[in-house]
Amino acid sequence: MLENAKWIAKEDISEIKASPMFRKTFNLSEEIKKAELNICGLGLACSFVNGQEISDEVLSTPFTKYDTRVIYNTYDITSFLQLGKNVLGVILGNGCYFVTYYRWDVYKPAWFHHPKLAAQLEITYKSGEIELISSDTSWKCTDSAVLYNETRRGEIFDARLYDKDWATANFNDSTWQNAFICRGPGGAPEPRKIPPIRVKKRLKAKYIGNNVYDIGENISGWAHIKVKGGARGQRITMRYSELLHEDGTIAPERLNTIIGSTTHFDEYIMSGNGVEEWAPRFAYHGFRYVEVTGAPDEFELVGEMIYTDFEVIGNFSCSDEMLNKIHAAARQSTLSNFVGLPTDCPQREQNAWTGDALLSAEQTLMNFDAVSSYKKWLVDICDTQRPSGQICCIAPTAGWGYNWGSGPAWDSVLILLPYYIYYYTGDLSAVKSFWENMQSYMRFMESMSDNDMVCFGLGDWCAPDGVETCPVELTDTAYFYINNKIMSRCADLLGKDGSHYAQRSEEIKTAVRRKYIENDMFLGNNTTAIACAIYQDLYNSDEKPLAAEYLSQLIEKREFHIDCGILGMKYIFNALSEYGYAQTVYKLCLNPEYPSYAYWINHGMTTLCEKWDMTDSCNHHMFSEIEMWMYKHIAGIHIEEGGKSVIIKPCPISEITSVHAKHRDIEVIINNGQITINSGVPGVLEVQKKKIAFSAGRNNFILQAK
């Protein structure tokens, strides 16, 4: 709680300056039972007690619409305190609260203001007495050694200005000034209910020439450096890149950085005192390569990967090494892009795009326990919602994104994500919590419809250059239809009347079939369109097998070259595999020629790319439906609605001889004609045109040779 805390700051500024640091001294005269610190530092905060950092969390204040809500962190600091004099210390970073560059309107939100802090320490003594120590003008402050920081750009740290004892009891702060009480961000304080961000992987770099170090993988994070022997004031500059030019130099311009030439750099100014180690605290980057200039001879670099510290609940492996590499790349992209929020890419935007996250959500829920983080982000989306029901294409937003980028294929995250959470976990709370917002958005969709069709926003984004793209009206109206179906189902789950949504879904289906399908069964041979009509239930049940067969033949005629963007690839995995054409999907994805997933891997990618030609971002998760395909169709794990039962229906693929997959308490092992199912729920095995019921527990099945 922060009810007694004042918002405090060092100075009222409108341009980026050195990060402020704060300290508060206090005395303990008797033994304590518990000490709990509640703190909200905007934009970001690192907290210390008696010289020790109190947590291994990084980037620790979650991004929100700060004038609606702010999130505070709570830490048990009992073990850090001592009898006598104690010190609380805080360094603030700018985060997404105080941003000055000109993109996505991040420099002009209503909340824009200088860094500030609200903190409250509640001490419970063994006597039962409670003491509160809250942020106020008694706190002392000064500039820190962090001379500059912007989360999407970089950080400059001057080690000559850093005194490691600044947060200890014996430090002399007589030259520091008193903090002043400032205006808060306006939002209501809420406790954090999501997992923290942490450093989760460390990769030792290899020097490859041209002042460039290679950490071997594309990650979200930063370079942690260790140096010795440099002169006092020597500047070590690090520039980050996902790609190299042919001559081995870094190629940051190929990332379409779009927020200026200073994007993705860090600089460390040496103290000259023995061995020095440093990593930034308030900026992160998307990179594989680091160009280092100004370093002394004794220099080491480790790439530290950061992401939300989810519990891992799924994994997949099989006998096909290319599929395993694609699995690893998809997983790496997902984690690289969940740094507090489900962002699109770590190296360019770090924005939480609704469409990217919608396409990726099901496989994320199969791999990680991301439910609490998704619920928080759904609140962020609802905080963007206008009275008309319209939502923004990125959330949180500083105000940009309502009139470009948003549209049914992106906005449907507000309808489908709450339902996905219920479908895969049985947790209905998101549907309950966001029901009114979901209804409001459906009213907005209706306001944008014409003769039961909708067409606004983006379509099959990032299809290969030169292909004929699917009509936006078709993919949009498909979401209009499916959203009404899901709303009807959600109404039933909540005990409400969903008949209106059921009726509208039938009317919309009739309209889209009349315009697109009845006179052109195979939709102009457009791959995305056919797959959309199968996956989104626009075909009738007797038409779907015929359409899937035709789609498979069409792909074969095109020599298994992908001609879809992000929507088509979401649909095609399911549209083909559900009707017996998983082998076609396999050949499509593992085609070594451009464009395909295997093409990415064969060209050195360790993450999924934004574009099939590997230009712009090389770390996007929007093509990650292939992960869901591995779980659902290769291993055969079909979770039933609510997660209370499962159908195991593996698709035979001749190149794959063994599979091992696990999701929560469901495990499938396929090897040499034997299927072992270890399951915490009952289910049905569907294989070789047979259905075999099994109970929870260990079940073994021998397949008959065909």
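**View 1. A negative surface patch formed by E277, D297, E298 and E300**. In this predicted model, local features need pLDDT of at least 70 and side-chain atom pairs count only at pLDDT 80 or more, while totals for chains, interfaces and linings use all residues. Residues are numbered from 1 along each chain as its sequence is written, and side-chain values use heavy atoms, with hydrogens and water left out. A patch is made of residues with over 30% relative accessible area and no salt bridge, like charges being joined within 9 Å and nonpolar side chains (Val, Leu, Ile, Met, Phe, Trp, Tyr) within 5 Å. One of the patch members, D297, lies in the loop between β23 (285-293) and β24 (298-308), and D297 is exposed at a relative accessible area of 82%. Here exposed means over 50% relative accessible area, buried under 20%, and partly exposed in between (1.4 Å probe, protein chains only). Helices (H or I, at least four residues) and strands (E, at least two) are DSSP runs, numbered from the N terminus.

**View 2. The hairpin of strands β31 and β32**. Strand β31 (residues 683-687) runs antiparallel to strand β32 (residues 690-694), and five bridges join them; two strands pair if DSSP finds at least two bridges between them. L685 has I692 in β32 as its bridge partner. Two residues lie between the strands, and Q688 in the turn has a positive phi of about 50 degrees.

**View 3. The salt bridge between E304 and R202**. A salt bridge is a side-chain nitrogen of Lys or Arg within 4 Å of a carboxyl oxygen of Asp or Glu, and the structure holds 41 of them. In the pair of E304 and R202, the closest N and O atoms are 3.2 Å apart. This pair links distant parts of the chain, with E304 in strand β24 and R202 in strand β17 (residues 197-204), 102 residues apart. E304 is buried, with a relative accessible area of 7%, whereas R202 is exposed, at 55%.

**View 4. The salt bridge between R489 and E641**. The side chains of R489 and E641 meet at 2.5 Å, N to O. Because R489 lies in helix α7 (residues 472-493) and E641 in the loop between β26 (637-639) and β27 (646-648), the pair ties together parts that are 152 residues apart in sequence. R489 is partly exposed at 31% relative accessibility, and E641 is partly exposed at 27%.

Methods
Areas by Shrake-Rupley, 256 points an atom, 1.4 Å probe, with all protein chains shown as cover. Lys, Arg positive; Asp, Glu negative; His and termini not counted. Charge placed at Lys NZ, Arg CZ, Asp CG, Glu CD.
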